[in-house]
Amino acid sequence: MTYEQEKITPYGNGQEKRLQVERMFDNIAHSYDALNHRLSFGIDWLWRRQAIRQLLPFKPRKVLDIATGTGDFAIMAAKRLCPDEVVGTDISEGMMEIGREKVKTCRLDKVIRFENEDCEHLSYSDNTFDAITSAFGIRNFQHLDKGLAEMCRVLKAGGHVSILELSTPVSFPMKQLFWLYSHTFLPLYGKLISKDKNAYKYLITTIEAFPQGEVMVEIFKKAGFSQVKFKRLTWGICISYLATK
């Protein structure tokens, strides 16, 4: 099945989506952290804590962070879950280079490592990880079903996936306020800071096109997960998913 956000690309230049997304994140890597935190007014930290908190009862020893970017989620997982190993994967070397420096600063380089991986063709064996995390990354997958199926494949039986994804609020007045914010201030500010006029337009468009809530629950189940639940955060601006293999 093809989902609407899979058809959306940053540059529309005929290249496959994966290559365009890689280029986009390399382009905005230098400003990504500042923009993320400022544009969410710092609430993204609270969302990450909520997602990590879901995994605490399961005490995962080996964690995979998909679309790790600059490593914020991987670092939080290492600090709060205290696993033996966290592997952060991404297609953007520019983003991961910043992540490696942050990990060194936090003195977590013995726990966290970064690897360039295609989410649809992970190099890891079946049943490798106890838990998988991802924050604001799965809507960039070129093929959502394949990416989620790969997560399920490398996850151990009984393991858990904790995912955050941005979404569009469904209730008045937050729905209208979010539309106004995302279509005026956010792309203008993103363009000024990141110097990539396409990046934040693309990111907003994919948020609006991406399946959410009950629809995503069925997509997770189709990928092989047995139990899935979700929670809308901050009036529906973000959704936290917890899926079990």
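Hi everyone, and thanks for coming. Please keep in mind that we are looking at a predicted model.

Glu-6 lies in the segment before helix H1, which covers residues 17-39. Is Glu-6 buried or exposed? Its relative accessible area is 10%, and buried means under 20%, so Glu-6 counts as buried. And what does Glu-6 touch, once we set aside its neighbours within four places in sequence? The contacts are Met-1, Lys-17, Phe-141, Gln-142, His-143, Leu-144 and Asp-145. As for Met-96, which is 90 residues apart from Glu-6 along the chain, the two C-alpha atoms are separated by 23 Å.

One of those contacts of Glu-6, Leu-144, takes us to helix H5, residues 144-154. Which residues of H5 are buried? They are Leu-144, Gly-147, Leu-148, Glu-150, Met-151, Cys-152 and Val-154. A handy thing to remember here: an α-helix has 3.6 residues a turn, so residues three or four places apart point the same way.

Helix H6 itself runs over residues 174-194 and holds Ile-193. Together with Leu-188 and Leu-192, Ile-193 makes a nonpolar surface patch of about 270 Å². Ile-193 is partly exposed, at 30% relative accessibility.

Arg-49, Arg-53, Arg-80 and Lys-231 form a positive surface patch. Of these, let's zoom in on Arg-80, which belongs to helix H3, residues 72-81. With a relative accessible area of 35%, Arg-80 is partly exposed.

Last stop: two loop residues with backbone angles worth a look. Lys-59, in the loop between helix H2 (43-53) and S1, has a positive phi of about 45° although it is not a glycine. Arg-107 also has a positive phi without being a glycine, and here the value is near 60°. You will find Arg-107 in the loop between helix H4 (93-105) and strand S3 (112-116). Are these two buried or exposed? Lys-59 is exposed at 59% relative accessibility, and Arg-107 is exposed with a relative accessible area of 76%.

That's my tour, and I'm happy to take questions!

Key. Residues numbered from 1 in each chain as written. Predicted model: local features only at pLDDT ≥ 70, side-chain atom pairs only at ≥ 80, totals over all residues. Heavy atoms only, no water. Patch = residues over 30% accessible without salt bridge, like charges linked within 9 Å, V, L, I, M, F, W, Y side chains within 5 Å. Areas by Shrake-Rupley, 256 points an atom, 1.4 Å probe, with all protein chains shown as cover. Salt bridge = Lys/Arg side-chain N within 4 Å of Asp/Glu carboxyl O. Lys, Arg positive; Asp, Glu negative; His and termini not counted. Charge placed at Lys NZ, Arg CZ, Asp CG, Glu CD. Helix = DSSP H or I, 4+ residues; strand = E, 2+ residues; numbered from the N terminus. Buried < 20%, exposed > 50% of the residue type's maximum accessible area, 1.4 Å probe, protein only. Contact = heavy atoms within 4.5 Å.
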